[in-house]
Amino acid sequence: MLLLVFTFLSTAVEALRVIGGDMTVVLGGTTILPCKLITTDSITQISWRKEPQTDNFLTILPATGPLFLNGHDKRFQFIGNFKDINGSLQLSNITLTDEGTYTCIFTLFPGGDVHTVMHLNLLVPPVTSLKDNRPTLGTEEVSLATCMAAGSKPPAKVQWLTGTLGEKVRPTNNVTQHANGTTTTVSTLFGVPTREINHRLVKCVVTGAAMSKEESLPFTIQIYFSPIEVTINRSSEDSFECVTEANPKAAFTWSRSEQSMPQSTVRVEGATLQFLSMTSDLNGLYQCEASNLYGRKHSYIYVHVTSEIAAKLIDIGKPMGFCGEAWTPTPGVES
Ligand SMILES: *[C@@H]1O[C@H](CO)[C@@H](O)[C@H](O)[C@H]1NC(C)=O
Ligand SMILES: *[C@@H]1O[C@H](CO)[C@@H](O)[C@H](O)[C@H]1NC(C)=O
């Protein structure tokens with residue numbers, strides 16, 4: 001008799017061990033909680049329990065089928081059947097709270113209960129993002145950009161690939177644990193905001209067990225500054241172009257000192273000022289202003305059209321006290 005009982009138990013345990021097993025699923029996914037028994041006993045009930053609860057949340061009886069005890073959760077579907085002594089469940093739209101230890105219990109006659117325990121592990125891929133911290137030109141170390149892998153389970157790894165920038169930049173990492181078991185990893189890249197590191201390409205690389213592949217977020221370092229110096233270049237016989245260095249790119253505004261622009265003889269297009277005909281009504285001071293979010297700078301040219309007969313265009317150079325651009329006389333420019 002003793003031997004018989006022992007044989008029965010080992011068979012049951014063996015059978016359950018084969019079909020049980022831990023599951024690892026990605027948030028929102030679907031899994032099967034397998035539970036199958038090989039026995040010659042008859043089954044009166046199959047039931048499911050989830051720790052720490054000590055009550056069943058689902059019982060399956062041959063006559064009635066599955067019965068939910070704490071409200072019908074449609075995400076659990078009984079996919080086994082009594083005939084095959086299969087109590088397997090399919091769980092879909094998996095959430096974080098589904099994680100845990102499940103017990104599948106077969107009630108046998110006359111053998112009593114046998115059960116198997118399985119663990120459902122959840123993977124939550126992080127939500128990745130990269131933020132430009134909009135550093136402005138300076139000499140003190142500041143944060144340049146922040147890379148974030150939010151709500152990951154298990155925690156994600158966040159790294160910066162900074163190539164040849166080497167020690168001009170350095171990352172600092174910060175890890176926050178959430179009550180729901182996920183982790184947010186933030187890596188901030190620090191550096192002195194110089195023009196030298198402006199426009200340099202770096203990469204934030206996020207890896208983790210919950211991700212099917214690593215995620216690479218390229219980032220061009222931006223150091224923001226107001227227009228540095230405005231120069232006015234002569235771009236052709238009759239036109240001038242205003243040039244500056246600024247980030248973001250400067251917008252240019254041409255205006256005429258104390259007078260309105262002569263509409264019919266002057267054309268302004270972005271950075272360019274063009275004189276369409278050379279008449280003395282053009283005479284005067286013209287200002288080019290370069291501006292962006294961070295500031296503005298300007299420069300001037302002085303225009304003087306001489307000789308009514310020849311209508312020659314002559315430059316007058318830098319007016320006193322103005323940061324102007326010299327315009328050398330160009331004989332032979334006809335009106
Ligand atoms: C699972 O989620 C999808 C999309 O939100 C929904 O359409 C579907 O009804 C859900 N299924 C169950 C069984 O809850
Ligand atoms: C986990 O908690 C964090 C912080 O409250 C939240 O942002 C995140 O969306 C949660 N994740 C899930 C999968 O519910």
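Modeller: A pocket, as the word is used here, is an open set of grid points with protein on both sides within 12 Å along at least five of seven lines, and its volume is the space filled by probe spheres set on those points. Please keep in mind throughout that the model we are discussing is predicted.

Colleague: How much space lies in the largest pocket?

Modeller: Rolling a probe the size of a water molecule over the atoms shows where empty space is left. For the largest pocket, the lining includes Lys50, Asp55, Asn70 and Asp73, along with the aromatic residues Phe57, Phe68 and Phe76. The space that lies in this pocket comes to about 170 Å³.

Colleague: How many charged residues does the lining of the largest pocket have?

Modeller: Asp, Glu, Lys and Arg are the residues that count as charged, and the lining includes Lys50, Asp55 and Asp73. Beside the charged class, the lining has four nonpolar and four polar residues. The number of charged residues is three.

Colleague: How many residues apart in sequence are the parts that the pair of Phe57 and Phe76 ties together?

Modeller: These two residues, which are both among those lining the largest pocket, form an aromatic pair with 5.0 Å from centre to centre, and the 50° between their planes makes the pair tilted. Because Phe57 belongs to strand β4 (residues 56-61) and Phe76 to strand β6 (residues 76-78), the pair joins parts whose distance in sequence is 19 residues.

Colleague: Is the aromatic pair of Phe275 and Tyr286 stacked or edge-to-face?

Modeller: Phe275 lies in strand β21 (residues 272-275) and Tyr286 in strand β22 (residues 284-292), so this pair ties together parts that are eleven residues apart in sequence. Both Phe275 and Tyr286 are buried, and their ring centres are 5.4 Å apart. An angle over 60 degrees between planes is the cut-off for the second class, and with 80° between the planes the pair is edge-to-face.

Colleague: Which residue forms a salt bridge with Arg170?

Modeller: Side chains of opposite charge can pair when their charged atoms come close. Arg170, in strand β13 (residues 169-177), is tied to a loop between β10 (127-132) and β11 that is 29 residues away in sequence. Arg170 also lies over the face of Phe190, at 5.1 Å from the ring centre, and is itself partly exposed at 38% relative accessible area. Its salt bridge, with the closest N and O atoms 2.6 Å apart, is to Glu141.

Colleague: Is Lys153, which meets Glu99 in a salt bridge, buried or exposed?

Modeller: The two side chains meet at 2.8 Å, N to O, and the pair ties together two loops, one between β11 (142-152) and β12 (157-161) and the other between β7 (89-91) and β8 (100-109), that are 54 residues apart in sequence. Glu99 counts as partly exposed at 23% relative accessibility. Burial needs a value under 20%, and because Lys153 has 16%, Lys153 counts as buried.

Colleague: Which residue is linked with Asp73 and Arg75 in a network of salt bridges?

Modeller: The structure holds seven salt bridges, one of which joins Asp73 and Arg75 with their closest N and O atoms 3.0 Å apart. Asp73 is partly exposed, at a relative accessible area of 25%, and is also among the residues that line the largest pocket. In the network, Asp73 and Arg75 are linked with Asp98.

Colleague: Is Glu258, which has a positive phi, buried or exposed?

Modeller: Glu258 is placed in the loop between β19 and β20 (266-269), and its phi is about 60° although it is not a glycine. A relative accessible area over 50% is needed for the open class, and because Glu258 reaches 81%, Glu258 counts as exposed.

Methods:
Residues numbered from 1 in each chain as written. Chains lettered and ligands numbered in written order. Predicted model: local features only at pLDDT ≥ 70, side-chain atom pairs only at ≥ 80, totals over all residues. Heavy atoms only, no water. Phe/Tyr/Trp six-rings, centres within 6.5 Å; stacked < 30°, edge-to-face > 60°. Helix = DSSP H or I, 4+ residues; strand = E, 2+ residues; numbered from the N terminus. Buried < 20%, exposed > 50% of the residue type's maximum accessible area, 1.4 Å probe, protein only. Lys NZ or Arg CZ within 6 Å of the ring centre and 35° of its normal. Salt bridge = Lys/Arg side-chain N within 4 Å of Asp/Glu carboxyl O. 1 Å grid on protein atoms, 1.4 Å probe; cavity = no way out; pocket = protein on both sides within 12 Å on 5 of 7 lines; lining within 4 Å.
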